[in-house]
Amino acid sequence: MKFHIVVLPGDGIGPEITGATVDVLQTVGKKYGHTFELYHGLIGGAAIDATGVPLPPNVLKMSRKSDAVLMGAVGDPKFDAPGTKVRPEDGILALRKKLELFANLRPVKTLPMLVNATNLKPEVVEGVDFIFVRELTGGLYFGRPKKRWQTPKGWRAVDTMTYSEPEIERIVRVGFELARGRQKKLVSVDKANVLECSRLWRQVATELSKSYPDVELEHMLVDATSMRLIQNPKHFDVIVSENTFGDILTDEASMLAGSMGMLPSASLAGVPQEGVRTLGLYEPAHGSAPRRAGLNMANPIATILSMAMMLRYSCGLDREAQAVEAAVIDVLNEGYRTYDIMDEGKKQVGTREMGELVAGKV
Ligand code: IPM
Ligand code: MG
């Protein structure tokens, strides 16, 4: 089969991790008889430098027409000043919003050979395996008004958290559907003891649970969830939350996998269904790590595993996705590690080498 893939390396370590991942992808193509036609584009700080905007119109157009978008990371400290008008992050936010990629799936697994790479006790993390479903196109990230202005008493700022019933329903439904194919346990995260948006969230989730009598729904406050994630992460099977809570909790959850460099993600425009190919954006959950850029250091595994999710959800290639995931496990079992998951007696390799090792095993 033939697929059109848009590749957006972005900033910092982005070009290195996507480069390693594209090598693995092309090896999958050769081995399994598929053609992946790649279109490279600019996003984030790299796009601002070259074109003045973080998401050039032709990149958006190409992405709409593609089977999937594979992204590295965006973010560059030179745009960090509070006064900056356009930011690299606006590129990825616009892409998510314009393609209506409301469902962000972040699977969290503690692989047995990486138990020592985590900061937690082995008995706490051994066997952790859940999927975090983060709402991606609403809430504080996009709500209006959103601004900063001067008043006689100094500056003031406002961000707006807003959610509608259909927005909540469609993302909680993704949670229920995924739970149905797993351990049938869904935790819905909110702050219903304080926030009105969360009260609506809880109401909609409770109502929807009537259509999923086979799935056990548990409501959990966001502060309690952050505690439970490190106290007893094996409690979780599928977690669903609004955008900002999901951003924060998934960084925390990545520590269960040993490193941010291990956490993949898929952003989809609908419920993933077997046999149905959906347009998706695939990117590691981590950032552009500017301090590691250009050093052939960064861990490409989160991006490689994101690409495996791409094969599964956007290309309908489940067997190939499994081959990539198994290849990653093989390479780790053989003792190869990037610096972030390095452990005594293991063999430290760089970004490129890790990519080559995985490609050699697919
Ligand atoms: C993530 C990132 C992004 C987000 C940034 C880069 C805008 O932290 O994907 O989790 O906040 O969504
Ligand atoms: Mg984040």
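**Ground rules.** I am working with a predicted model, where local features need pLDDT of at least 70, side-chain atom pairs count only at pLDDT 80 or more, and totals for chains, interfaces and linings use all residues. Residues are numbered from 1 along each chain as its sequence is written, chains are lettered from A and ligands numbered from 1 in the order in which they are written, and side-chain values use heavy atoms, with hydrogens and water left out.

**Entry 1: the domains.** I looked up the division of the protein and found domain 1 (1-106 + 267-362) and domain 2 (119-257); such bounds come from an automatic or database domain assignment. Their centres, taken over C-alpha atoms, are 24 Å apart. Domain 1 brings 15 residues to the contact and domain 2 brings 18 residues, where contact means heavy atoms within 4.5 Å.

**Entry 2: the interface.** How much area do domain 1 and domain 2 bury between them? I noted about 1,600 Å², with 63% of it on carbon and sulfur atoms. Buried area is the accessible area (1.4 Å probe) that two parts lose on being put together, summed over both.

I then found one salt bridge between the domains; the term asks for a side-chain nitrogen of Lys or Arg within 4 Å of a carboxyl oxygen of Asp or Glu. I also found a salt bridge between Arg170 and Glu100, whose closest N and O atoms are 3.4 Å apart.

**Entry 3: Glu100.** I placed Glu100 in the loop between H4 and E4; helices (H or I, at least four residues) and strands (E, at least two) are DSSP runs, numbered from the N terminus. Its phi is near 55°, a positive value in a residue other than glycine. Most residues other than glycine have a negative phi, and most peptide bonds are trans.

**Entry 4: a cis bond.** Which residues does a cis peptide bond join? I found Arg144 and Pro145, with omega about 0°. Pro145 lies in strand E6 (residues 143-151).

**Entry 5: ligand 1.** Around ligand 1 I listed Glu89, Arg96, Arg106, Arg134, Tyr141 and Asp247, taking a residue as near if one of its heavy atoms lies within 4 Å. An oxygen atom of the ligand is 2.8 Å from a polar side-chain atom of Arg106. For Arg134, the distance from a polar side-chain atom to a ligand oxygen is 2.9 Å. In Tyr141, a side-chain N or O atom lies 2.5 Å from an oxygen atom of ligand 1.

Key. A polar contact is a pair of N or O atoms within 3.5 Å; within protein, one must be able to donate a hydrogen and the other to accept it, and residues adjacent in sequence count only if both atoms are side-chain atoms.
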